[in-house]
Amino acid sequence: MFKQHLDKLTRYFFLILCAAIMVIPFIWMVSTSLKSQSAINKGSAGFLPIEIVNYIEKDGEKEYVEIIEKKENKAVVNIYDEERKHFKESFVEVSPQSIKRDTFIKFHFNNFVEAFNKVPFGRYFLNTIFVSFCVVIGVLLTSSLAAYAFARMKFVGKDAIFYLFISMMMVPQPIYLIPSYYLLTKIHWVNTFWALIVPWIANIFSIFLLRQQFKTIPQDLFDAATIDGCTRFEILWRIVLPISKPVLATTAIFALIGSWNSFMWPLVMTNSDKIRVLQVGLSYFAQESSSSTALLMAASTFTVAPLIILFLFAQKQIISSFVSSGLKG
Amino acid sequence: MNEKSKFTPFLYILPAALIVIIFRLVPITLSFLLSFFKWTIRGPEKFIAFQNYVKLFNDPQFWQSLLNTVFLVIFVVPSTLIFSLFFANLLNKTKALSGFFRTTFFVPTVTSLVAISIVWKLIFAQKSGLMNHFLSLFGINGLGWLSESRGIFDLLFGAVGINFKEWLHVLAGGTGIPFNTLYIILGGPSLALFAIIIVTVWRSLGYNTIVYLAGLQSIPDIYYEAAEIDGASKFKQFFKITVPLISPTTYYVLLMTTIVTFRVFSQVYLMTGPPVGGPLGTTKVIVYYIFETGLGEAMDLSYASTIALVLFFIILSVTLLQRKLEKKVHY
């Protein structure tokens, strides 16, 4: 009995440890995004935005200061303005005894606004949403059509074509990145939305998933519809797709996650600010604002937030679809 | 069947087929062509046969990036396999909170590598990073996670007071292999590359744990019950029942993790440098080398394609090797 409890205890210990390792980077990201830059510069690595600030009392009011020099009988300070961003007075001489220390917790939500406005993140968001939307619609269309043919029709070279599809899609992206760049330059697609959307609107995993689903639909249903005078396309549109909604949702979620998170491709294929997507924008922001850690963490937070929120709402479906597609694919 | 219905199936697969042909088949074929030509962004200039391949063979940067990538694969793949099977096994016996654990494990999978890399770069920061803050609790101070070019084995031996380099000099004298070659290989991945390894394992752990969990749940309880009656220990049950029966899942995890690890790019691009791939090129992985060669200042499209093709054949042979291995151990 005792051994069983101990067993359970160790199991939960390891599970909680692993869960902590998985989420701590995210918690740290959010907590850092709420700190003031001066606190980060002073080496605050903890999870709470704790600030230690010196102040003097002047006419009964607190005035926050930055100590420049402190000796036994003389101290020189800079006095902060109310937001503690800039100094309103510099090199003021005060008595060292009058300097006191304040420790408090303050969440700097303003970092989010500042990061959002520092580079056109609003534009990047719109671009990403537009690209992801088009990719999702495109994938749903091409995959439903192709999967329907592969699952329900007989034609010459069906297997050969299917295996060609699979083998092409198994080739990792970096392998054909360079020739793709050359190709897109030749057709003048570099730096256009076409380059971000069109190459990704066919997806073999989606075709595969939908083909499996379409195969499970009983033949009687097709026969009945044909007798009623439905054409093949009508059967697909009116019968097959409506009863395949869960799998279509899975397909859409995959396409959305893939498109939203894709980085290397848009990094290579675009360089103008106008069509820059979120991930590339974030990476430029990281390379430019190396000094402003708080803003960078704020930007990272709002970049990952939409998908994490989506995930939390639809987690059961997302997890099971990742697993099933993996095992079948 | 009439004439019309003979061709309609092709209409259905046409949209997908067009994309596959134009944006997969053509570029992949092009990369073969590119590798045999002097080819710039304007077009082909000169047929140079195997010159790019000869250049590649004698390119120390290629060999270093290959070695870095191999280090990455050797460290990431087994750790991912072992840890994810371990956690899946724990999760499989757990009822309370199992949904909560599954969700938290899975969050990194849906998160962009860009944001993840940026966050981990700060976690590994020497002064204000969380990692060193944490390690300082155990008396380990000021590790230069992303700036340390020495290999982890060199550092480990150094920490326990063994002069690793001296031993290598002896070994080099005895075998005739140059000291530098020995040091680069036996020193192991640099601490900076090790940081990349940690991030990569962290990212792939959640997904593979869930995949393993699905595999474990498909093993019928009756096997364990029978083993229990026969008096087999939990330990024995794990190695005699779980491991063999889970081998198809293991094969899948092995294959996917290997492919994903060979193509690591974002972590290196965003966490290391400047210059990217530093310190001293110890984190320059092969995909970043392709990127740098083909799209950096040199814009050497044909040489970059050559490297990409070689990578392709490496991945292909590793995949086929694993497939052979799988057939041998499959029950």
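Modeller: Helices, of at least four residues, and strands, of at least two, are DSSP runs numbered from the N terminus. The model in view is a predicted one.

Colleague: How many helices and strands does chain A have?

Modeller: Chain A contains 15 helices and five strands. Its radius of gyration is 29 Å, well over the 20 Å that the globule rule gives for 329 residues, so chain A is more spread out than a compact globule. Along the principal axes, the C-alpha atoms of chain A occupy a box of roughly 100 × 70 × 35 Å.

Colleague: What percentage of the residues of chain A count as buried?

Modeller: Of its 329 residues, 36% are buried. Among contacts in chain A with a separation of 6 or more, 67% join residues 24 or more positions apart.

Colleague: How many residues of chain B are in contact with chain A?

Modeller: In chain B, 70 residues are in contact with 66 residues of chain A. Helix α1 (residues 3-35) of chain B supplies the largest share of the side that touches chain A, namely 18 residues. By residue class, that side of chain B comprises 51 nonpolar, 14 polar and five charged residues.

Colleague: What distance does helix α13 of chain B reach from its first C-alpha to its last?

Modeller: With 16 residues (247-262), helix α13 of chain B reaches 22 Å, close to the 22 Å expected at 1.5 Å a residue.

Note on methods:
Residues are numbered from 1 along each chain as its sequence is written. Chains are lettered from A and ligands numbered from 1 in the order in which they are written. This is a predicted model: local features need pLDDT of at least 70, side-chain atom pairs count only at pLDDT 80 or more; totals for chains, interfaces and linings use all residues. Two residues are in contact if their C-beta atoms, placed from the backbone, lie within 7 Å. Ala, Val, Leu, Ile, Met, Phe, Trp, Tyr, Cys and Pro count as nonpolar, Asp, Glu, Lys and Arg as charged, and the others, Gly among them, as polar. The radius of gyration is taken over C-alpha atoms; the globule rule is 2.2 Å times the number of residues to the power 0.38. A residue is buried if 20 or more other C-beta atoms lie within 10 Å of its own, exposed if 12 or fewer, and partly exposed in between; C-beta atoms are placed from the backbone. The expected span of a helix is 1.5 Å times one less than its number of residues.
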